[in-house]
Each structure stands twice: as structure tokens, then as C-alpha cells.
Amino acid sequence: MSEPRIIVVTGAARGIGLATLACFARDGDTVVAIDQDGPALDRAVAEVRAAGGSIAGRVADIGKPDDIRDLFAQLAREHGRLDVLVNNAGIVAAAPALETSLADWQRVLAINLTGTFLCCQEAGRLMGVQGRGSIVNVSSHSAIRGSHRRAAYAASKGGVEALTRVLAVELAERGIRVNAVAPGPIETPQVATGHSPARRQAWLDAVPLARYGTVDEVAATIRFLASEAAAYITGQVIRIDGGFTAAGLQSPV
Ligand SMILES: NC(=O)c1ccc[n+]([C@@H]2O[C@H](COP(=O)([O-])OP(=O)(O)OC[C@H]3O[C@@H](n4cnc5c(N)ncnc54)[C@H](O)[C@@H]3O)[C@@H](O)[C@H]2O)c1
């Protein structure tokens with residue numbers, strides 16, 4: 001039997017990150033869950049462990065470069081290798097562009113874009129020693145569609161997609177693939193309570209498949225991109241959005 005892979009997932013205490021973690025753990029991989037929310041992380045680790053998964057949790061703020069440096073130094077010491085990194089941690093600052101404070105802009109960019117970049121740098125160095133590895137970044141439909149109150153968030157996710165392509169090219173010679181997934185509306189616990197009936201209906205009207213996606217559907221795509229089945233795929237963004245970003249006028253008449 002081959003050695004279990006070492007998989008790191010950031011923002012793993014809930015939502016898409018937790019589903020991704022559980023998905024890799026079910027495959028028999030060793031998963032390392034990163035989150036800034038210690039109590040929620042403890043619950044996630046306990047849940048995955050109770051299901052038989054091999055898992056460790058590490059509290060870290062992906063918006064803090066020192067946390068990222070310490071995290072990867074510890075990973076190198078404890079595991080000596082890294083097979084897959086999923087850069088999932090992300091936040092939204094929902095405000096009109098003209099009312100977005102500099103502090104909110106910088107916090108969103110620091111976590112979603114700079115944090116992703118620094119984690120990719122650290123992972124690229126570790127994976128480069130092995131001559132193989134896979135990085136999956138989590139983008140959003142907002143990277144390529146302009147929605148209200150998403151200036152900082154959209155800018156950060158657009159940056160993530162551009163970064164994905166550059167890293168795919170630069171890290172290819174080290175045997176590292178870099179891809180991204182871009183979810184549309186996904187039914188996480190936060191979304192379930194946070195989306196008003198009017199917002200929910202606006203989404204159902206705009207998505208050709210007329211439903212929200214599930215966290216398991218996103219996790220399955222991340223799992224695929226990290227697998228050998230995707231060995232010839234790098235620099236790509238897979239959109240998991242029920243057709244939202246593909247759609248034009250949605251009327252047959
Ligand atoms: N849910 C959606 O509809 C949707 C749509 C498009 C893109 N996305 C993207 O998917 C990813 C996950 O989204 P989600 O809906 O599951 O989010 P969520 O808010 O439910 O969970 C995010 C997790 O990340 C953690 N986190 C936030 N900031 C962090 C930081 N600085 N350091 C470490 N951990 C941090 C949170 O504590 C939380 O556990 C994000 O990058 C998000 O932008 C989500």
C-alpha cells in the first residue's frame with residue numbers, strides 16, 4: 001500500500017474547508033486542518049477523527065505572515081513532506097466600493113490573496129524538494145463577475161486566479177501542479193442563515209441549474225484536481241457554479 005499523502009487545508013473548521021478535509025480523510029490521507037477559530041477547529045478535528053480520519057489541527061491566522069511561516073516550519077519538522085495544499089481560507093467584506101474602508105480592503109487582501117500567495121510559496125519550497133505536489137486555490141465567481149458589495153473580495157479572488165496561472169507555469173518544472181476552483185453559491189451553514197429569501201431567489205433566478213451547490217460538490221472537485229486523475233491539468237480554474245458564469249440571457253423566447 002502506498003504511503004498516506006499529507007494534505008493541508010486552510011479555513012478548515014467549517015463549510016467548504018471542513019467538507020474537503022473530511023473528503024481527503026475518507027480516502028485515507030493524513031490531513032492537517034488550519035483555522036484561526038480554535039474552538040471550531042477542535043470540533044472539526046473531533047468530527048473527522050470520530051469518523052476514523054487521521055487528522056491534526058493547527059490554529060493559525062492566514063492573514064499573518066508570521067503564522068504562515070511558523071505553520072510550515074512545523075509541518076516540515078513533523079511530516080518532512082507535503083503532497084497537497086488547499087488554500088481555502090477566505091473572508092468577505094460586504095460593502096459598496098465607495099464605502100469600503102482601507103482597513104477592510106487590506107484585511108480581505110491580506111487573507112484571501114497575500115495569505116494564499118505566502119502559503120503557495122512555503123508549499124512550493126517543500127513540494128519542490130520532493131519534485132511533486134498539487135496546490136488547489138479556492139477562488140469565486142466574483143473573480144470574473146461584478147456583483148454589488150464585493151470590491152475587495154472580487155479583487156482578491158481575481159488575484160488568486162492570476163496567481164494560480166503564474167505559479168502553474170513557474171512550478172511545473174518542480175513537478176507541482178497549481179489549479180483553482182471557483183464556487184458559485186454554495187449551501188454552507190453560514191450561507192444557509194446569512195442569505196435572505198430575496199437574495200436566495202435572486203441566485204435561483206441567475207443559476208441555470210436553479211439551486212445552490214453543496215460543500216461536497218466543491219470538495220469532490222478539489223479532490224479530483226489533487227489526484228493523479230488530473231495529472232495533466234495545471235493552471236486551470238474549474239467553476240462549480242451551476243452554470244452561473246457561463247450564462248447569458250436565460251430565456252428560450
Ligand atoms: N460559500 C460560498 O457560497 C462560496 C462561494 C464562492 C467562494 N467561496 C470561497 O470558498 C472558501 C470557503 O468558503 P466558506 O463559505 O466555506 O467559508 P466559511 O466562512 O463558512 O468558512 C471559512 C473558514 O475559514 C476560516 N478563516 C477565515 N479567515 C481565516 C484566517 N485569516 N486564517 C485562518 N482561517 C480563517 C474561518 O474561521 C472558517 O472556519 C472561501 O475562500 C470563500 O471565498 C465560498
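Reader: Why does glycine 63 count as buried?

Author: Buried means under 20% relative accessible area. Glycine 63 has 17% relative accessibility, so it counts as buried. Bear in mind that this is a predicted model.

Reader: Where is glycine 63 found, and with which residues is it in contact?

Author: You will find glycine 63 in the loop between β3 (54-59) and α3 (65-79). Leaving aside neighbours within four places in sequence, glycine 63 is in contact with Arg107, Ala110 and Ile111. Look at glycine 115 as well: along the chain it is 52 residues apart from glycine 63, yet 5.4 Å separates their C-alpha atoms.

Reader: Where does serine 227 lie, and what does it touch?

Author: Serine 227 lies in the loop between α8 and β7 (237-240). Not counting residues up to four places away in sequence, it touches Arg5 and Arg177. A polar atom of the serine 227 side chain also lies 2.7 Å from the backbone oxygen of phenylalanine 224. The cut-off for a polar contact is 3.5 Å.

Reader: How many residues does the largest nonpolar core have, and which have the most contacts inside it?

Author: This core has 33 residues, and Leu21, Phe24, Val181 and Ile222 have the most contacts inside it. At least two of its residues come from each of β1 (6-10), α1 (15-26), β2 (30-35), α2 (38-50), β4 (84-87), β5 (133-138) and α8 (215-225).

Reader: Why is it called a nonpolar core?

Author: The name is used because its members are buried Ala, Val, Leu, Ile, Met, Phe, Trp, Tyr or Cys residues joined through side-chain atoms within 4.5 Å. In soluble globular proteins, nonpolar side chains tend to be buried together.

Reader: What does leucine 21 touch?

Author: Not counting residues up to four places away in sequence, leucine 21 touches Val9, Ala12, Val31, Val32, Ala33, Val48 and Ile55. There is also a second, separate core of 26 residues, which includes Ile68, Ala89, Leu118 and Ala123.

Reader: Which residues come nearest to the ligand?

Author: Of the 30 residues around the ligand, those that come nearest are Arg14, Asp35, Asp61, Asn88 and Tyr153.

Reader: How do you know that the radius of gyration agrees with a compact globule?

Author: With 253 residues, a compact globule would have a radius of gyration near 18 Å; the protein has 18 Å, so the two agree. Along the principal axes, its C-alpha atoms fill a box of roughly 55 × 40 × 40 Å. The secondary structure comes to 8 helices and 7 strands, and buried residues make up 49% of the 253 residues.

Key: Residues are numbered from 1 along each chain as its sequence is written. This is a predicted model: local features need pLDDT of at least 70, side-chain atom pairs count only at pLDDT 80 or more; totals for chains, interfaces and linings use all residues. Side-chain values use heavy atoms; hydrogens and water are left out. Buried means under 20% relative accessible area, exposed over 50%, partly exposed in between (1.4 Å probe, protein chains only). Helices (H or I, at least four residues) and strands (E, at least two) are DSSP runs, numbered from the N terminus. Contact means heavy atoms within 4.5 Å. A polar contact is a pair of N or O atoms within 3.5 Å; within protein, one must be able to donate a hydrogen and the other to accept it, and residues adjacent in sequence count only if both atoms are side-chain atoms. A residue is near a molecule or strand if one of its heavy atoms lies within 4 Å of it. The radius of gyration is taken over C-alpha atoms; the globule rule is 2.2 Å times the number of residues to the power 0.38.
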